[in-house]
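Try each one yourself before reading the solution.

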Amino acid sequence: MGCCGSAERTKREWRPLEDRSCTDLPWFLLFTVFCVGMGSICGFTIVTGGAARLVFGYDSYGNTCGQRNEQIEGVRLSGLDHSDRKFVFFLDPCNIDIVQRKIKSMALCVSLCPTEELKTYQDLKRFAMFNGSELCSYELAGHKYPGLPERFTKCPKLPVPPSKPLPVFNRCTPVDISCYARFAEAVVTFVGDNSVLHRLIAGVAASKEIIIGLCVLALVLSMILMVIIRYISAVLVWILTSLVVLGSLAGTSVLWWLYIDHRLYGNDTSTKVTKEGKEEVEVSRDSSQALLVYAVAATVFTIILLLLMLFMRKRVALTIALFHVAGKVFIHLPLLTLQPFVTFLALLLFWIYWILVLLFLGTTGNPVQNEETGLTEFRLTGPLQYLTWYHAVGLVWISEFILACQQMTVAGAVVTYYFTRDKNRLPVTPILSSVLRLVRYHLGTVAKGSFIITLVKIPRLVLMYIHNQLKGKENACARCLLKTCICCLWCLEKCLNYLNQNAYAATAINSTSFCTSARDAFVILVENALRVATINAVGDFVLFLGKILIVTTTAFAGVLLLNYQRDYAEWLLPLIIVCLFSFLVAHCFLSIFEIVVDVLFLCFAIDTKYNDGTPGKEFFMDKALMEFVESSRRLERAVERGRSRVKEAVSEGAEMKPMAPGTSSA
């Protein structure tokens, strides 16, 4: 059974919201089995002790802190009873490996973290005798610390900074995090002066209330824009169209002016240049030819652009009408504005779970001694090492599944709105009804669509990883080939995302399987290719302008609120944080708006294809779209009348032509 089936295709009969049945059930079962496998990895790490080692911590000899341990063959000082030693203490917590992102210091299990600075080995001895917490290696007696020769390698580096245990993870963390600040400075390579970094961090700390307020402002502006964009979309679209046309005409005019000026200047100075040599003449002639080529190319581009604007003005009007109806959708379905929050929360919870299990995997496996440091580490060996790859695939597939669920939910709600003629008879909560239909009927379709995206995304991520690893080592040809493959996969992923989104909408309309819906949606999109291109080009740019409007408004408000800080260097990091957050929020909300517009267009294309407004085939569309259809029909009738008049004139001329020879012979 192929993706689109090999059976003879029949003409699709669209019956919106009439029949419901489960779609792509095998893919739902496959996704369920895969999720069970993801859960089994978590269970494996818990059963084998990896989760306990991460939470409770373990020392450099493989002993888990806070519990009895079994002897590890070949590892000395393993199998100790650490029931009363619940905290992990690093002898040199500032010895950080930036490349591997881990602390290279020896770790011990201790019963108490030092709360005061210990400057000498005598202080270490006193701390061990009074508190019963020995901070040197287990084989060294606490009362002998000051005189032991091993104290330089098996005791903590002096002075020992005061520390306190981390919540939950039981690691003794220095109160003064200066060494971690140095680590941050090594990561943030563009900061050359420590004072600059400290001033930036101080600016963020001093402005945290303003940053939170501006983030809330960006959130409110995004929600307002989704409702009012239907009122300003026409202005934005025509301003955009005018700017593009005027810019093209101005650029073409400038190029022709430069060419004519260069030719005139070249003719005036040709005799002087010839006396100096022929090379200058050749350069002048090449420049003149280059300007001519640029001017001709710009003229051709401008003519094509003007023709496109002329023939596509009706489709631009359709984009404006769709934006207008999309604004109405958000008024009738206000819960659509919560979709970004729900999706972000679902992704956040899954990502937290995924990172925790990944950390569990990092402390799971067989004990292995590091040849460089001699410390004991836990690593997965044999077939178990592929658990990490399985876990990585799960990150991509389940993340795409969550995003696809959002698309299907929005599509289901918009389809319900569009194909319900009496808007007063809409369900009480169309969003909740769409979620219930998704869970009951279409999880398999969403799983299949997200898996197809995963098949494209994973090779692209692997190629990006290889490209980063080989940076500076590969030749120019290999680098170009890698970038070409990455770019092609990215384009394919974007195309599949768009097709998947329309396939989910077709499934929401007709309750068909993923491949059937994708085929039907593809046919509709191909039949309306020019409309699709116009909506995507004009609509995407209008939404981009909306994002820029939110970011600039939030940034301007930030400048006004931060104006009381006279140290303007402290503005940088808070403003960057606010601008990034506002763009992210605007992108999330306006992406929902974009999905609504795309689903509305598919519904409109289906409505106009299978209905004509006659009794029994009434349109489902909104009044704004109906006005667009009526204006299009009036224009088509006018064009048909013009064509018929031309044909009549041509036929009359053809009838009169045979009489000319007869009269001449008479």
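**Exercise 1.** Which residues does the UniProt annotation "transmembrane region" cover?

*Solution.* Start with the record: the unreviewed UniProt entry puts this annotation on residues 25-47, 210-229, 235-259, 291-311, 342-361, 389-419, 541-565 and 571-604. Next, check two of those spans against the coordinates, keeping in mind that this is a predicted model. Residues 25-47 come out as 100% helix and 0% strand, with their end C-alpha atoms 33 Å apart.

**Exercise 2.** Work out whether Asn500 is buried or exposed, then find what it touches.

*Solution.* Then take its relative accessibility, 3%; buried means under 20%, so Asn500 counts as buried. Now list the contacts, skipping residues up to four places away in sequence: Gly449, Ile453 and Phe514. Finally, zoom in on Gly449, whose backbone oxygen is 3.0 Å from a polar atom of the Asn500 side chain.

**Exercise 3.** Describe helix 15 by its span and by how covered it is.

*Solution.* Begin with the length: helix 15 has 14 residues (514-527) and reaches 20 Å between its first and last C-alpha, close to the 20 Å expected at 1.5 Å a residue. Next comes burial: the helix is mostly covered, with 10 of its 14 residues buried. Among them are Phe514, Arg519, Asp520 and Ala521. To link back to Exercise 2, Phe514 is one of the residues Asn500 touches. As for Ala521, its C-alpha is 9.2 Å from that of Asn500, 21 residues away along the chain.

Technical notes:
Residues are numbered from 1 along each chain as its sequence is written. This is a predicted model: local features need pLDDT of at least 70, side-chain atom pairs count only at pLDDT 80 or more; totals for chains, interfaces and linings use all residues. Side-chain values use heavy atoms; hydrogens and water are left out. Helices (H or I, at least four residues) and strands (E, at least two) are DSSP runs, numbered from the N terminus. The expected span of a helix is 1.5 Å times one less than its number of residues. Buried means under 20% relative accessible area, exposed over 50%, partly exposed in between (1.4 Å probe, protein chains only). Contact means heavy atoms within 4.5 Å. A polar contact is a pair of N or O atoms within 3.5 Å; within protein, one must be able to donate a hydrogen and the other to accept it, and residues adjacent in sequence count only if both atoms are side-chain atoms. UniProt positions are given in the numbering used here, feature names are shortened, and annotations may be inferred rather than shown by experiment.
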